[in-house]
Amino acid sequence: MGKLPNAVLFCCDHNATRSPMAEGMMKQFYGREVYVQSVGVKADLDTDGFAIAVCAEIGVDLERHQARSFHELKEMGDDLGAFDLVIALSPASYHQALDLTRFYHIEVVHWAIMDPTGLGEGREARLHYYRQTRDQIRDHILERFGQPKA
């Protein structure tokens, strides 16, 4: 368990499933104690409806999330150099984060999180995989940053 950073950036492939889940949970757990954002290698998809549904089950609202890419980060008012920690949830985003942060003093880590998109036949089977992904992310967050303050 580590100390909370001042600012953390989660990233994945499209900023539509895993990284919005992580951003939402981090904000829910730690509130204003840490600044949190998320991006994707690409921002070409809307927030995944199954991700929205499984996060709503634990009180995390992703309805208003708007996907953005690493390149759109600055356009939307954030500078990559302002983050203390970048957590990549996919191999492609890990490599992109390493490349983009090579001139900054930023810790970049990779969490191997399952991509649930396309898994399962039917709604309940798909929700099962999305819940697994949500729970993997939650467990990593709690292991790294500790239990949320009540």
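The side chains of D115 and R18 form a salt bridge, with N and O 3.8 Å apart. D115 sits in the loop between strand 4 (107-110) and helix 5, while R18 belongs to helix 1, so the contact ties together parts 97 residues apart in sequence. The model is predicted. D115 counts as partly exposed because its relative accessibility is 33%. R18 has 6% relative accessibility and therefore counts as buried, the cut-off for burial being under 20%.

R18 opens helix 1, which covers residues 18-30. At 1.5 Å a residue, its 13 residues should span 18 Å. The end C-alpha atoms are 18 Å apart, in agreement with that value. Helix 1 is also largely enclosed by the rest of the structure, because 11 of its 13 residues are buried. Just after helix 1, G31 adopts a positive phi of about 50°.

Salt bridges were then examined elsewhere in the chain. The structure holds 12 of them. One joins R131 to E57, with the closest N and O atoms 2.7 Å apart. R131 lies in helix 5 and E57 in the loop between helix 2 and helix 3 (70-75), so this pair ties together parts 74 residues apart in sequence.

R134 forms a salt bridge with E57, and here the closest N and O atoms are 3.0 Å apart. This pair again links distant parts of the chain, with R134 in helix 5 and E57 in the loop between helix 2 and helix 3, 77 residues apart. R134 counts as buried because its relative accessibility is 7%. The pairs belong to a wider arrangement. Through shared partners, salt bridges join E57, R131, R134, D135, R138 and D139 into one network.

How values were computed. Residues are numbered from 1 along each chain as its sequence is written. This is a predicted model: local features need pLDDT of at least 70, side-chain atom pairs count only at pLDDT 80 or more; totals for chains, interfaces and linings use all residues. Side-chain values use heavy atoms; hydrogens and water are left out. Helices (H or I, at least four residues) and strands (E, at least two) are DSSP runs, numbered from the N terminus. The expected span of a helix is 1.5 Å times one less than its number of residues. Buried means under 20% relative accessible area, exposed over 50%, partly exposed in between (1.4 Å probe, protein chains only). A salt bridge is a side-chain nitrogen of Lys or Arg within 4 Å of a carboxyl oxygen of Asp or Glu.
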